[in-house]
Structures are given as structure tokens and as C-alpha cells.
Amino acid sequence: MKKADKFVLNAAGRMVPTIVNGRKVIPFMGVNKYWPTHKGAAPHVPTCIDYPADGNKIVETLKEALIKSGLKDGMTISTHHHYRNGDFLANQVFDIAAELGVKNLIWVPSAAFPCHAPIIKHIESGVVHHIEGSLNGPLGDFCSRGKMPGLGYLRSHGGRYRAIADGELHIDIAVMGASASDMTGNANGVMGKHPFGPMAFTKADVKYADRTIVVTDTLIDFPCYPWEIMGNDVDFVVVVDQIGDPDQIVSGTTKITNSPDRLLIAEYCAKFIDAAGILKDGISFQAGAGGTSLAFVHFVKEIMLKKGIKAKCLMGGSTKFLVELLESGLTEYIFEGQAFDLDAIRSLRDNPNHIPIAVFDSYDFHAKGNLARMMDVIVLGSTEVDVTFNANCVSHSDGRMLHGIGGFQNCMIAKCTILAVPSFRDRIPVIKDEVTTLVAPGELVDVIVTERGICINPLRKDLIEATKDSGLPIRDIKDLKKEIDQICGIPAKPKLSDEAVAVVEWIDGTILDTIRKVEK
Amino acid sequence: MAKISTAGNYGKEIRSDCMATLELTKSGGLKIDLISKVKDYFGDQIISLAKEELKFFGIKNAKLKIEDQGALDFVIAARIEAAVKQLIETDQEYLLEIIPQNTDQTAKDRPRRSRLYLPGNTPKLALNAGIYKPDGIILDLEDSVAPDKKFEATILVRNTLRSVNFYGAERMVRINQLPQGLDDLDHIIPQHVNVILVPKCETTDQLKAANNKIAKIKKEKNLNYEVWLIPIIESALGVINSYQIACCENVVGLAIGLEDYTADLGTQRTAEGNESFFARSQIVNSARAAKVQSFDSVFSDVNDMEALKQNVLTSKSLGFDGMGCIHPRQIPVIHANFAPTEKEIEKAKQIVAAFQEAKEKGLGVVSLGSKMIDAPVVKRAQKVLELVSVGGNN
């Protein structure tokens, strides 16, 4: 079986395969040009008489649970990433698979992190065939070198939900860590010894997988409530010593940056939405963790206080900075997909206006009230942008995959999407003639904010008109690129082979771009 | 002379800089070993720059190792030159083309509310300094550069003056204390520098020496632009001599440096600043008498913007025209609080309008309401409105 076959030119001008890992796929046809209207996945139908009458589904070990779930060659196994770089579970699953001599598994994490580097040895030994999910850090680098037998398949958070629900991505066994569970598998992420927050990234897995295993390190009396995972969806419960390290959730993402450049970028973002008339009473916006995003929240808060503006709702991943806005009445609600610190976890547990949301509600292309689409403004980072406003967030300019898509594509459909980026990093220009990997089509990127100026997409005549007398440094992106090239010099093009190593899926399920093997 | 030389900085935390290690060899041509995080993109360009530069200095056989963290060409060139000059005697300078923005001159009385100090040997900070729109950027060769890094810093500052766009900020250099600082001028003056800050200035002789040296360099190199001076008064004697110092040729303003001044007094610098009240007032007074500007010392707590604001308001009330700063975030606070208040602007407008009216009517006396207005008051009002037209960047 060829990893990728039958390449065609898609509507974004990229050569993409129409067969990926043996499955037929559709090339990108343009933004809102393709309707995935087929009937969705039909999950397997259980009966209660197959389960213990007393509701006790505890088995001794994860190994036993995997064997009882029917683990065998070629299966698809999913895990979630709520512990981020502190996840202890995924590596254990594949260690056990290796011990049992199982081969050719497909791993479908909702995101992978550097802590998952041990999976590389399982790919090398044939236990894991390929990964469908974000490819970060060492795994991304490994895949970029063409060392994975199957083709990498990159989906956004919303796209992962969609693919599972549409039956394109069938999960055989979902292994879901929970910080607290009872014997029946009613479970959540806010109680127990190592809480991590909401469990948004488990919803599709639990609903559509053939078998679901809940793994916890804190077994509590029945019933465990709130039950973000309901015991009715769970086959087995396993109790282990520790499922993850919550300290790793917060690493580096929850402090406002000290960098004057990033502070300036964040300040420009805040001033821009003020000048554009977006920052007004009842505003809704998303601002995640990360130094620049938090600084953006800080500057928005200053303007809100000065002008007496109150927000309707903020969308997380949240931190104490968003929680402060909620608790001081500057926003009415927080919608929460993932918590980034202990304040966020506490607020989520105790404050009824801090509402957990599923990935489906916030991000899925099928959602009848897609929350990201309802946001007035969303600020995101990016590895590269180009002069037609296309954006890349998965690969560096040398073509190496180093970041997942996360919610990046899903956020593109907000009313105003802003990319906050430095104009160059260590001499490498961020603004290109053409992005190395296309992750978001330019027509959806409304504004690019750098420390040297703000570029508005020519399609957004309304924003251009609204901010023309604002005194902000609004600039033509080509002029800005010229200035950056004068500072940095023109970088040589990366050396990439023709061999495909991964594809990027657009939110509607079509194939947006191909990632090529890095030569060196 | 040494066999192997090094120049520059390299390390995990150091960005936009590089370290050059040079060894002259007898044969084998030029061997360049480049370790760089941007090698895939700029490796060939860096290696050809290095070769060209070594050839420029007449070096045909050498091993050069460049450990790079994304340094721009002007930094790499400066590091190589500093390494070369430790091994061979030469007066030649490897100069990259000066960018057109860096050849403009500045007016003697232009606004100088904020001047941002940058350590002269840390290239990363210079790249984006101009985007924060300080009135002036000071590349410092004095206190922020370690003694063993002074030589390479002069070359880097020289290149910075030619290659980095300061986006309209006045280009300033703080030279070393005299007499060492006089040697710095050889490198700096030919680069269209706008202002030289002379540290620890106590007597007019020091400024005469600086002026003579500058005049000599200008004559030799046939340079015909103005280079202004800002002496920094940092001692009791300097304060006493400040009027004479302010009257020296090319001086555009007096600055005060309070750390050294309070040390000289044998006291501590306090938040209230009573210990420096006399000196600050004396500096303002001397500067005004000599018809030049006066600048307050830096405020060193970069995280306390409220305290900075109070500090600026005090400086303004004492009569200072500006102050130093050490972090870009301090700039908007300084500009906003040196700016005239709305009340001051309104009053100034009324005064200037009354003055115009009196002039048109041919009246000798200007009056506003029942108050007579003297000429200095009109002048001050005009100055306030000038400051308004400069605007803040906030």
C-alpha cells in the first residue's frame, strides 16, 4: 500500500494525494465549497446485560483492559491530551501493545507532545504504523524525515471530531485518562489527586469508539459527579498510581510575556479591535494561553476598564487572567475547552458561569451553532504567513513539522481572525512569498499584526475603512515584507524531496496540503 | 600578538549574535566552520561574507569558526573584524553600506523627551529599538560594556550606526569616560552619529577635548554634518561647573546621572529624591541660562510604571525636558507625562491667541482677562503647543 497516491492540484494550488493510507480522500475545493453531507458513523450498539449488574467495571491492569477490549493488529487507538506534556498514559498503552506483540496500530491522539517521544521506538519496531493527529516536537521531526511507515494525517481539533463522527476515522479502543472516576466509569478531570480541567477532547472518542477504557489514579465512591464521561459509555475502569503530571499543563503558557516586542504586538491587537469598533459592550472573543495572547487580554482589559465595556463571553483555554475578568464582572461567561492553570480549574468547578464546552460545539464544521464562528475576534499565533495572507502553524520554514494544528483552522471562521506574529525570528522572516505548508487559506485571515505594523486583508474593506484614521501603523503586507527582507536578507528555499510524509486536512474534511520529506 | 582570537557572544540564551574564533594559518586557504541555527537559509551568504571580509584584510590562510544564533550581517562582520584586529595591525575598516535613513541630521532644539539606553555590545536589543519611537537611542560603550568587551563593542556600535534603522529616533552614542572616550570617537564620528554623550563630565576642558577631536576627524574625513554633545553631570564638581559646561560649543543639553552623583555626595539615592533636589534644580537652571535642554536621570525599576509616572511628573515640574530610560515600555509613560496636560494646552492656546490679537492690533501689552502677560509666558505657551504638535506615541 502506498502512503499517498494519485496526486492532483487542489483549489489552493497545492499538489495533494487523493489516496491516503489506502483511503480515498477529496482534494480541497475552496472555502465553503464542499458540503460533507453523507450520513455519519454508526457506533456499535451495546446492551446492559453484557455488563456487570452492580456497575463495577474495574479490571486489575491496563494490560488486562486492553486484552479484554480485543486489542489486535491494525487497530486504531485514541488518547486525549488534557495533561499536555505531562501525559503518562499513551506511552504505557503502546509499551503494553509491544509486550503483547501487537503490530501496525494507528495512534489517534487529540494532540501529541515531546513527552511522547518514546512512541518513536514503537514506530521503528512496527508496533505503531502511523499517527493521525498533531505531530509535535520529536515525533514531528521523526515524521518529517520520512521514517513513519504510514502517512501522517494532520487534523484540527474540530476536524478530528468531524472525521470520527463522519466515520472516516474509526476508533477501536479509546483509552481515556480521568483524574477521578467511580467503578462504573463516571469520570471527570476536576476532582482527584491530579486534576487537569474539562474533558472536551474525549467526547467524540467516548461516543464513537467500539471500546472505551477509563484510566484514573483516584477512584471515588459511586457516583462520581460531575460526570464528563458517563459510565454508560465505558467498558472498563483501571486504577493506576498516577496518570499524569498536572504541573506540565501550565509550562510556559501562563505568564504574560516580558518581551517588549510581543507586548507591542499584543497592544496593537487590542488597539486595533478598539479602533475597528469590535471592542464594544457584549463582545465575545477567544484568547488562549501563551505570552502574547495573555498580554492581549491584559491590554483589552485596560481598554474595557477605561471605557466601561463588558464582554459577553470569552472562550478559553483559560488561565487566571480570564478568570479574573469573570470574577471582576468584565465578562459574563467563560466557555472552556481546556484549562491551563489551577485557577481555571477551580473556577470551572465552582462558578456556574464558567461553562465547559465540547469540541463539537466550539469547533466542528457540522455544529449547528459553531461557537468559533460566533466569536467577534480571535487572536492566534503562527509560524509563517504569506503576502496573500495564507498561514502556516505546523511546520517551520525548513519544512519540519514541529507544531500541531490544534484549534488554529477552526478559529479561522471567527468574525475577525487576527494573527499576532513577530515579523522575523532569529533572522528568519515570518512573512513569505508563499507559506511552506498551507494550514489556513488567506481569505480567512483578516489581520496580521507584527511589531512593525498591522496588515489588513484587502478583502476586509470594512476593517480598512474603520481603522484608516486610527493612527495605528496600518501597512501593505508587501511593503512590510520588503522591509523585513532588507533587514534579514532573502533566505534560501528549504530543500524538500517530492516524497509526501503527511497531509493537512481542512475543516470540511478535504485535503489542503501535502507535507514533504525534509532532505537533511 | 595572540595566535587565536575570539570576539562576540554565543550561548543558548543569546540571540541575534555570534562568536567568531580566528586562527591564522600558514597554508590551506580560508577554512570557515559555520555552526548556525539559520544555516539552512543563510549559510552560503554568511560564508561568502566571511571570506570576502578576510580577503579584505589581506588574510589568505586562516581557520575561522562562526557560532551563530541568527546574527545579521552587520553583527557577523563586526565580530569577524574584531577577531581579525586582535591578530593583525590594520587601520582598515570593513564597512557595509550605510542605509539611507541613517544619514539625516537633527536640529539642535528637537524634542528629546526620551532617550533609550542600549548596551552597545548586545545587538539583539538594537534591532527593534526604533519601533518603540523613543526620541533618541543611545548605543552605550561605557558602563554597560565589560572592560574586556570594549574593543569589539566599538566596532559593533560603528556597524549598528550604519545598518540598523532607528525609525526616526536620534542616533546617540555614549562614549567611555575621557580620555579613553576620545579614541571611541574615531570609530563613531564618521558614521553620521547625531549626538555624543560625554559621561562623568566635570569641566569644560573635557568638552573642549571632545570638540577638538571631533573637529579633527571631520576635517580629515571631510565630514560636514553637525555632531551634538550632551554632557552627563555625575559629580558635585560637575554640578558646580554645569553652566560653563552647558555653554560649550555644540552642547544641546545637560543630563544628570544620579547614581554616581549620590555616590559622590556620600549618600543614597531615595525614591523621594531630596538628596538630589539641589543638583537637579541646578542642572535645569544652568541649562536654561545657557539656552539648552536638560534631561533627568533614568528610572531603574522597569516593572513599576506608576512610580515611573510620578517620577516623570516630578521631573517635568522641576523643569526638565526629558529623561533617560532603560526599557521600551517606559517610553510611552515618559512621553505621556512630559506632554502638556489638557488644562496646560487650553491655557497656552488662550495665551498665544491673546498674543496674536495684541500683535495684530499693534498693542504693546498682552493681556488675558484681567491679567497682564509677560513675554516669557508667551514663549512658554508657544513651547507647550510645539510639544503638542510632536505628540506622544500612546
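The notes below cover the model itself, the meeting of its chains, and the domains.

This is a predicted model, in which local features need pLDDT of at least 70 and side-chain atom pairs count only at pLDDT 80 or more, while totals for chains, interfaces and linings use all residues. Residues are numbered from 1 along each chain as its sequence is written, and chains are lettered from A and ligands numbered from 1 in the order in which they are written.

**Where chain A meets chain B**
- Chain A brings 17 residues into contact with 19 residues of chain B; contact here means that C-beta atoms, placed from the backbone, lie within 7 Å.
- On the side of chain A that touches chain B, helix H7 (260–275) and helix H15 (477–488) each supply at least two residues.
- Helices are DSSP runs of H or I with at least four residues, numbered from the N terminus.
- H7(A) gives the largest share of that side, four residues.
- By type, the side of chain A that touches chain B has nine nonpolar, two polar and six charged residues.
- Nonpolar covers Ala, Val, Leu, Ile, Met, Phe, Trp, Tyr, Cys and Pro, charged covers Asp, Glu, Lys and Arg, and the others, Gly among them, count as polar.

**Domains of chain A**
- Chain A is assigned domain 1 (67–132 + 169–249) and domain 2 (260–497), with bounds from an automatic or database domain assignment.
- Their C-alpha centres lie 31 Å apart.
- Domain 1 of chain A puts 10 residues into the contact, and domain 2 of chain A puts in 16 residues.

**Domains of chain B**
- Chain B is divided into domain 1 (4–87), domain 2 (100–338) and domain 3 (342–390).
- The C-alpha centres of domain 2 and domain 3 of chain B are separated by 32 Å.

How values were computed: Two residues are in contact if their C-beta atoms, placed from the backbone, lie within 7 Å.
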